[in-house]
Structure formats: C-alpha cells, structure tokens
Amino acid sequence: MKLKVNNPRLIQSNPYIGGKFLGINGGDSFLVHNPFDNEAIAEVGNCGTKEAELAIKAANDALDTWKSLTGIERSTILHRWYELILRNEDDLARILTLEQGKPFEEAKGEIRYGASFIEWFAEEAKRVYGDTIPGHQQNKRIIVLKQPVGVVAAITPWNFPNAMITRKVAPALAAGCTIVVKPSELTPLSALAIAVLADEAGIPPGVLNVVTTDRAAEVGKVLTSSALVKKISFTGSTPVGKLLLEQCAQTVKKASMELGGNAPFIVFDDADIDAAIEGAVASKYRNAGQTCVCANRFFVQQGVYDEFSHKLVEAIKKLKVGNGMEAGVAIGPLIEEKAVKLVEDLVKDAGEKGGEIMYGGKRLDASTDSLLYEPTVITKATSGMKVFSQEIFGPVAPIFSFETEEEVIQLANDTTAGLAAYFYGSNHSRIWKVAEALEYGMVGINTGMISTTVAPFGGVKESGYGREGSKYGIEDYLNIKYLCWEI
Ligand code: ADP
C-alpha cells in the first residue's frame, strides 16, 4: 500500500459488508492507480455476485432495527459521522487526490461539501412530516405517512468519490433506509475510508455496505434485479443509466438518475464580463472539467465575443496544471487514458470543422502518456461540431457566437440533456424570461457555481430525475402511504 495518512485505519482494501471489511475468497482483487503518474497505489477486493448478494442480505437484515429508531436517534448517529469526517478532512482529501487526481485544496472542499449532506440530512431525519387531509365523507379521516422505501442500492462515479456517496447515503439513512454502495472501480478508497468513519460513528453493521468491484456490470445486475432492493440511486453516464433503468423494470424499482449534462453558458452583451470570466473558469475548469454540471458550450453574444474570448485565455494561462498534491496546482490529470483520448477526439473534430484553438489543445507534454491536458479555448465553434452535442468532460471551452435571445435559447435547448445551464446578463426582464425558457433542472444566473447542499440538484430530459440535497432530497427515499380511517 503506497498511501500514507495520519489515521492509517482509513486505508482499507476490502469491501465493507455487514459491518466488517471482508476478505474475498480466492483473493480476487483489482488495482487502483494514481492518475497523475499511473502508479498503482492500492489493491482492492473484487466483489462479484456472491458478495453483492451478501451485502444486500446484510442491508435487509439491518433494516427493521434501523428504521424503527426515532428520527432523533438516527440524527444523533449521523451527526457523529459528520463530525468524524470533518476531523479526518486532511487524510480523506489526500486519499481522494491520490486516487482521483483533483488538487488537494479542491479535494478538501469536496470532503466538506460531502460532509454537509450528512449534517443536512441528520437534521432532516427529524422532520419527515406526514399530512392530514380533510375527509371526503363525514365519517372518514385521512392521514398521510412517509415511510422508508427499504434497502437502497447506490452506484456512484469517480469524479466526486466522496460527495456523490454522502449525497445518497445521508438521505437514505436519515429516512430509515439501509444501503449498498457500489463506488467507481477507479476510486474505491474514498468510499472505504468513509465507511471506517461510519462504523466509528456507531452506524450499525449492515446499515451501510460498500461493495468494491471492477466487475460493475455483474454487480450492477445483482443490485438492479434483487427483489430485496427497493430503490436504485445512480450517478453516472446516460447510457449506463438507461441500462440500469431497463434492468430495474423487472422489479419495478424506484430509481433516481443523475446522468450526463451538456451545460450552456450564455453571456449577453450587457453582462459584467469580468464576473462572467470568473464564473466560466469556476464552472469549466474545476475538477479539470470533469463534472456533470461543467459548462460545456459557451454562447457569447457578438458584441462581447472577442473581449470574452481574450479574457478567458488570459485567465486560464494562470491555471497551473500538474500533480494535485503540489501546492498551487489548479488542474490535475484527467481520470484515465480513455478520457484524454475522448477530449483529443473532440478537439480534433472541432479543429477540422473550422474551430480555432486560441489556447491549449493538447496534452501538457505531448510526448508522454501523461493524463494532464492543457486548459483549452476554441473559438468559432459551430453546432456541427461534436462539442455541441457531446459532454466534453475535460478542460476545453468551445465558444459559439449568437445574435439574439431567441436564437440562443433555441441553441441552448437543442440537446437531449437538461442538467445545468448558466447565463450572465443584467436586464431583469430578460433574466426572468431566459431562466424560464431554459429546459434545465438548474440554472445559474450571474454565477458559475450552483452546487450546494441546501438546493435541489438534478436534471430534466435525459439528464435524469430525482433530486439530491435540500428538503426535496429525502423524498426520493420515502414512500407515501395514506390511511383512510372510518370512524
Ligand atoms: P463515467 O463515464 O463517468 O465513468 P459510468 O456510467 O461508466 O460513468 O460510471 C458510473 C458508475 O457506473 C461507476 O460506478 C461504474 O462502475 C458504474 N457502471 C458502469 N457500467 C455499469 C453497468 N453496466 N452496470 C452497473 N454499473 C455500471
């Protein structure tokens, strides 16, 4: 094991099932690599069908006791977990940077962001209010109860190895559900580390299980087809989300889907351009462009097109690219070779179709197989380019120009995705009109940063459904039952 932290207990290499880190029979394992230098940093137990079934059984066995606790009791335990995560912030961030690549300061931000869901839902656990409805007949009384859906399975991605897990586990546990988490095969260490702290916080065995595997399809099949699992919560790519939904159909499982985005970032002539640049850098280049809410297509009104493009280039020249563990680095490596190849293909396609690479456009050191990609700006982008319709997932900003409000709304909505959108402008009546016309689940107005625990995160169209965070987030883990009582 090549990881060094202050609290060595946080480094685990086996799946967490029924309250124990279980060795795999036969010793099947897979390697976890640091994307900065491709060094193997850990070898992790590789679960298959048998372990997935064991985890589901553990979650099912733990369900009755966990759901019968009061909301206040569950809240107390979740609060302890929250405190422990904050106390171990540096170690958790280090593990995260080493397996995922993002800059250490950004990783610390993710640990705090991830923990904030636990704090938030620890509070919400106390407020799972039902309803009373005036009866439809004189002798009828109607009462609405909200009850935990039961065992939940969560499948999570590598881009936020901590927060995408807490965002699902915290509301599930607060609601009284138990859960099996299958983290990404690229970042299982962060998931295991927070399981250690869950155990320390007193979350009972079986309530949270972490199934590590590089056989995602096999384990995914078990999680989606088990009759014991009542809900799937998935964050990841749209094709995998669609496949999981198909698999869930057989048992008519509840599902929450946070799928891919294709965010427009619109800059109107009357925008504060410096503020727009700041928002663009935050939205586009955070996590090396690997978030589902990253600005994907910049639409800039003709009058400010040149100014915006030049200022964006000046801003990204200052972003240091390198090892996330090095102080001052703003952009770490992409997650794997496949991701770099995809970005290279999109940039090449844009170049062939008339795009001008104003800055960047290649690996940092083109002669190596490094996963570092230069922050890039492409001007003269057009809707015939792949970057118009595909999620880039890299630090590349294609800039399209437009003339009118109607035109840009049509362009922005011309996609199957509907996760996040952003726009900058100062005319108030236009702000309302544009905000209402954008077919997206989230709209940032004069800001490039929209993710927060207190607001409902989620998309429309093929970006999925369900909401995470906020007062709405717990609803995805609750069933409604109504009692009709004749007196
Ligand atoms: P990304 O492109 O961001 O890696 P994926 O959708 O491939 O997105 O991965 C998100 C999560 O889905 C990961 O945990 C991955 O292991 C899992 N996954 C990928 N393919 C499948 C599958 N066929 N069944 C279940 N889970 C899957």
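A residue counts as buried when its relative accessible area is under 20%. In this predicted model, Pro398 has a relative accessibility of 0%, so Pro398 falls in the buried class. Pro398 sits in strand β18, which runs over residues 396-402. Leaving aside residues up to four places away in sequence, Pro398 touches Asn296, Arg297 and Phe298, and also Ile378, Ala381, Val387 and Ile392. As for Met385, 13 residues away along the chain from Pro398, the C-alpha atoms of the two are separated by 9.7 Å.

Next come the nonpolar cores. Nonpolar side chains tend to be buried together in soluble globular proteins. Here, the largest nonpolar core has 71 residues, and the members that touch the most other members are Ile266, Val267, Tyr285, Phe299, Phe308 and Leu312. Take Leu312: again not counting residues up to four places away in sequence, Leu312 touches Ile277, Ala280, Val281 and Tyr285, plus Val377, Ala397 and Ile399. There is also a second, separate core of 66 residues, with Val32, Leu78, Met164 and Ala193 among them.

With Trp158, a polar side-chain atom lies 2.9 Å from a ligand oxygen atom, and for Lys182 a polar side-chain atom lies 3.0 Å from an oxygen atom of the ligand. On its own the ligand has 550 Å² of accessible area, and the protein covers 79% of that.

Definitions and conventions: Residues are numbered from 1 along each chain as its sequence is written. This is a predicted model: local features need pLDDT of at least 70, side-chain atom pairs count only at pLDDT 80 or more; totals for chains, interfaces and linings use all residues. Side-chain values use heavy atoms; hydrogens and water are left out. A nonpolar core is a set of buried Ala, Val, Leu, Ile, Met, Phe, Trp, Tyr and Cys residues joined through side-chain atoms within 4.5 Å. Buried means under 20% relative accessible area, exposed over 50%, partly exposed in between (1.4 Å probe, protein chains only). Contact means heavy atoms within 4.5 Å. Helices (H or I, at least four residues) and strands (E, at least two) are DSSP runs, numbered from the N terminus. A polar contact is a pair of N or O atoms within 3.5 Å; within protein, one must be able to donate a hydrogen and the other to accept it, and residues adjacent in sequence count only if both atoms are side-chain atoms. Accessible areas come from the Shrake-Rupley method with a 1.4 Å probe; for residues, only the protein chains shown count as cover.
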